[in-house]
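Please open the model in your viewer and keep the sequence panel at hand.

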Amino acid sequence: MSSSSLPSHARVVIVGGGVMGVGLAYHLGHEGWGADTVLLEKAELTSGSTWHAAGQITHSTSSYSLGKCVDYNIGLYSGGLEAETGQPVTWHGCGSFRLAYTEDEMDWLRHTLSVGRSLGFNIDLVGPEKIAELHPFYNLDGVLGALHTPDDGHVDPTNVTMAMAAGARQKGVRIIRRCRATNITQADSGEWVVETDQGTITCEHVVNAGGTYARQMGEWSGLQLPMTSMTHHYFVTEPVPEFDALDRELPVIRDDRKVSGYIRMEQKRGLIGIYEKENPNSVWHDECPWDYENWLFDADYDRVMPWLEESLNRMPIFADLGIQREVHGAISHPPDGNPLIGPAPGVRNYWCCCGTQIGIGWGPGLTRELARWMVHGAADISMRDYDPRRFGNYATKDWQVVKAHEDYCLRHEIPFPHFNRLAGRPVKPSPLYDRLKEKGAVYEEVYGHERPRWFARDGIEQRDYYGFTRTPVHDVVGAECRAVRGGVGIMDISAFTKVEVSGPDAEALLDRLVANRLPQKTGGIALTHMLNRAGRIELETTVVKLSEGRYYLVCAAFFEQRLLDHLAQNRAGEEVTITCLSTDWAAIALNGPRARDVLGACTDADLSNAGFRWLTAQEITVAGVKLWAFRMSYAGELGWELHIPRGGALAVYDALWAAGVDHGIANYGSFAMNSLRMEKAFKGAGELTNEVTLAEADVRRFARTDKNYLGKDKTLDTSLRWVCAYLEIDPDGVHDGHGGEPVLIDGKVVGSTASVAYGHTVGKILAFAYVKPAANVPGQEVDLIIAGQPRKGRILGAPAHDPESLLPRTDAIVEPAE
């Protein structure tokens, strides 16, 4: 029976009653939407993946945004939720250790320690003696140290979900059990129609919190939501005699190298969880059975035996005990391991709250942010890593399975900076892919596109090098940067999102959505930002006026669907055509003081300042190929971006390369591009997020006050929570930083880094950091914690390279300084 009858209408309908769906209902109630929210569950609450979760949660995360979530969750579990609702949560605040056996693992822990310090966590890096003191039963052979997070613990998954359900009901949410959704479609009015076995309910917002059903539920609405159900084991031993004499619960042990999982107490028993690193198992490639309820699979000991055996070696007191309980259940894994939290692609008011492989550990914090996004127009943490629109239609079912297997095997591996996930690639190679591969390109994937990171040279192999410290690639990237600054560099930038907006009302639509003035003349270029209704940054884009009523927009690859949705969903009857050209067109960047010489050898166009002004665009012919040339440079040098129909890109590249040989032309990749942009203090995706306004990002100079646009009222707000500062950091020759590190003044945290990179041509570590406004004073000395150690830094008042931006506008060769 259902717990209440199905209403005909609601503002929000959440489909799915696990920790994610119930968590969202709870937080929508706290954001003021509880009285008009309905949650539907086909069986009983928590009867899917939630009920068989092991329930651990830790502060040990090197993700700054996820760190905010887990800290909130631990506070909720350890007292706040039970005090609010009167419902038991069964919190075990036993703390935890994450062990390290190698220096690479120690470097990971040192970076995690730095991020934890930034967030104010109770966290420390300890040696084997401290581990043995608090956990005397663990075999520490080979252990170098551990990250100790004493406020961690574990919680009963059912109890915490039921407590949030009670809190949601207290805020007016209606929870209807034993009501299975059978279809979700969008009416002509834009409302969503949810069909169930108890009738139909119409709503403004629908939320897919379907867990292992989420992908097939998306298909009802014509959506492709990439995730695959992977099965995971944990085992509960017979009672452990040695536990009887304990007066406290042992800390959870996370042993990524030997156990590939976790070991903890479960009452007076042992609990062993394993993420095997070979032959993982996926199920329900087509659909999860609808009668799935509190379902477990038979244990597959052959699959997990190497790690299970090692767990008994690490916990010898388990060795002679039997297994009392086997838990082998299915959990959703998106292709990159991060949940799908936010708007579904291509539709309005269909929200994803699914694909969460660690629902207890991550769920409440992420659902709080989703509730804020739905109600207020923006979350309060960066949602880039969780936005469902980060995947495109290349994410086919077969590809999803391949990537989910890869993600499962990486679950307990070191999350190195720039770790390159290679399975299922290439998906969308550019027309230059093979040519650049021959020249030593090491590729990364961005929104399915293959983009060069760096080019092998000087005896460095054509492969990935990983480390939290500098790797051999550091010097290779330095050479690429110096080639751009001193001569000319060429880069395949085809991965950029490229969208044409045309039609009689194209100008009117864009003018309502961008904060800057649109280019007025044909060939004009404007850098601008689109905001959401909360006044936060939706995305940054370059707008080029190709002709009357025809505009070309360029932005970062992963914003493609976000840009398309923002344009389509903010139309107010305008007659426009929106065309995505990201794959049909390629693009090449040519930068450096010799760029004019190289390009001039391949075209009859006048490239002088008089003939081709800075920040203008022209249609020209290069090597017999008609293309659009934009005089602009993300490297901060004399340069052009060439946007080319796909079929002509290789001919253009080959001609430019041949013309550049005498000028020392060099290929460069995204690593060098990032270093060059940091030298110029150009903000990127790490700084321009949904967390901040234009003023907080210190880019209000790109906003107009004499026009109206979405989010303008917040742009004019002078009360800043933080501001983006530009700073240099004293080097130690080994650790440069990776983002999320704390910035301190007089021993107090005043902010944290957003992006960090070594500026190879200025010889400085450079960073952007969000700090308290009073701290953003040029010359202000600051301290940072990088790799767990203090480091000196200072706020800069101007770009480290070419502070007056003279080089991009030059009409003559400027020889680099010796």
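A residue counts as buried when its relative accessible area is under 20%, and as exposed when that area is over 50%. The model on display is a predicted one.

**First stop: helix α16.** Select residues 670–679, which form α16; eight of its ten residues are buried, so by the cut-off of 20% the helix is mostly covered. The buried positions are Ser670, Ala672, Met673, Ser675, Leu676, Arg677, Met678 and Glu679. Continue just past the end of α16 to Ala681, where phi is positive, at about 60°.

**Second stop: helix α7.** Now select residues 301–314. This helix, α7, has 14 residues and spans 18 Å between its first and last C-alpha, close to the 20 Å expected at 1.5 Å a residue. Centre the view on Trp307, where α7 bends by about 35°. Trp307 is also one of the buried residues of this helix, together with Arg303, Val304, Leu308, Glu310, Ser311 and Arg314.

Which elements each supply at least two residues of its lining? They are β20 (350–354), α8 (359–376) and α13 (560–569). The greatest contribution comes from α13, with four residues. Colouring the lining by class gives seven nonpolar, seven polar and six charged residues.

**Fourth stop: backbone exceptions.** Most residues other than glycine have a negative phi, and most peptide bonds are trans. Go to the loop between α9 (397–410) and α10 (433–438), where Pro426 is located. The peptide bond joining Arg425 and Pro426 is cis, with omega at about 0°.

Next, select Ala623, in the loop between β30 (617–622) and β31 (625–630). Ala623 is not a glycine, yet its phi is positive, at about 55°. Its relative accessible area is 37%, and Ala623 is therefore classed as partly exposed.

Finish at Asp746, in the loop between β35 (742–745) and β36 (748–759). Asp746 likewise has a positive phi of about 55° without being a glycine. Is Asp746 buried or exposed? Asp746 counts as exposed because its relative accessibility is 74%, and the cut-off for exposed is over 50%.

Notes
Residues are numbered from 1 along each chain as its sequence is written. This is a predicted model: local features need pLDDT of at least 70, side-chain atom pairs count only at pLDDT 80 or more; totals for chains, interfaces and linings use all residues. Side-chain values use heavy atoms; hydrogens and water are left out. Ala, Val, Leu, Ile, Met, Phe, Trp, Tyr, Cys and Pro count as nonpolar, Asp, Glu, Lys and Arg as charged, and the others, Gly among them, as polar. Buried means under 20% relative accessible area, exposed over 50%, partly exposed in between (1.4 Å probe, protein chains only). The expected span of a helix is 1.5 Å times one less than its number of residues. The bend at a residue is the angle between axes fitted to the seven residues ending there and the seven starting there.
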